[in-house]
Amino acid sequence: MARWEGNARGRLEQAALHLFNEQGYDRTTVAQIAQHANLTERSFYRWFADKREALFGGSEDLEKHLVAAIDAVPADTGALPTLLAAFATAPEVFRSRAFLRERSAVIAANPPLQERELIKLASLSDVLTAALVQRGCDRQTARLATDIGMAVLRLTTERWMADERAEFAQALSTSAADLLAVTADGVLPGSVPAQET
């Protein structure tokens with residue numbers, strides 16, 4: 001009976017994360033993940049192309065959510081504020097903090113997963129840049145805003161995961177303020193100090 005319980009995708013993700021932590025990513029097989037979730041390998045492949053994707057399967061959901069959130073921001077809003085407004089809604093599609101913390105630890109311990117994470121982040125950046133261009137931003141502005149926004153989002157997510165009491169919106173505001181502090185001195189073209197040789 002347990003084989004037909006709901007939320008197969010979530011159970012497979014939890015099973016994969018548990019096994020990756022317990023016995024290591026390399027020593028974990030798709031068959032073990034499916035068995036741990038009380039499902040079949042066939043069920044696993046309905047949701048994921050390979051075992052890596054059990055850690056990255058939600059990335060498409062996040063992309064779609066953020067694009068929709070960008071579209072919902074008033075049209076006269078600047079590129080970076082638009083992204084920050086969209087990012088404030090990200091917890092609506094995030095997994096639990098505990099899941100994300102464990103996931104981060106597994107990725108940090110496995111170079112192939114780190115590479116996959118970078119690929120997924122690059123894909124997200126491209127999608128967000130395209131969404132800003134669709135709103136009328138020029139491509140250079142959209143790309144710069146996205147690169148800055150992604151740095152703010154990364155710092156925000158790290159803060160939010162590290163503190164169970166932290167509110168995501170507050171962590172986002174703090175991270176954006178940190179960005180302003182870092183850029184407060186402002187480096188203008190031609191004002192970059194010359195390097196001593």
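This note comments on selected helices and residues of the structure above.

1. The structure is a predicted model, in which local features need pLDDT of at least 70 and side-chain atom pairs count only at pLDDT 80 or more, while totals for chains, interfaces and linings use all residues. Residues are numbered from 1 along each chain as its sequence is written, and side-chain values use heavy atoms, with hydrogens and water left out.

2. Arg-9 lies in helix H1; helices here are DSSP runs of H or I with at least four residues, numbered from the N terminus. Arg-9 counts as buried because its relative accessibility is 18%, the cut-off for buried being under 20% relative accessible area with a 1.4 Å probe and protein chains only. Not counting residues up to four places away in sequence, Arg-9 touches Trp-47, Phe-48, Gly-57, Gly-58, Asp-61 and Arg-95, where contact means heavy atoms within 4.5 Å.

3. Tyr-25 is found in the loop between helix H1 (8–23) and helix H2 (30–36). Tyr-25 is buried, with a relative accessible area of 9%. Leaving aside residues up to four places away in sequence, Tyr-25 touches Phe-20, Lys-51, Arg-52, Asn-110 and Leu-113. Lys-51 is 26 residues from Tyr-25 along the chain, and their C-alpha atoms are separated by 8.8 Å.

4. The axes of helix H5 (residues 59–72) and H6 come within 8 Å and cross at roughly 125°; axes are lines fitted to C-alpha atoms, for helices over the stretch in contact, and angles run from 0 to 180 degrees between N-to-C directions. H5 and H6 are therefore oblique to each other. Angles under 35 degrees count as roughly parallel, over 145 as roughly antiparallel, 65 to 115 as roughly perpendicular and the rest as oblique. The contact is made by Leu-66, Ala-69 and Ile-70 of H5 with Thr-82, Leu-83, Ala-86 and Phe-87 of H6.

5. H6 also pairs with H10: their axes come within 10 Å and cross at roughly 155°, so the two helices are roughly antiparallel to each other. Leu-80, Leu-84 and Phe-87 of H6 make this contact with Phe-168, Leu-172, Ala-176 and Leu-179 of H10.

6. Helix H9 (residues 139–162) has 24 residues and reaches 34 Å from its first C-alpha to its last, close to the expected 34 Å, which is 1.5 Å times one less than the number of residues. Its buried residues include Ala-142, Gly-149, Leu-153 and Trp-160. Among the elements covering the buried residues of H9 are helix H6 (79–87) and helix H10 (168–183).

Methods:
Buried means under 20% relative accessible area, exposed over 50%, partly exposed in between (1.4 Å probe, protein chains only).
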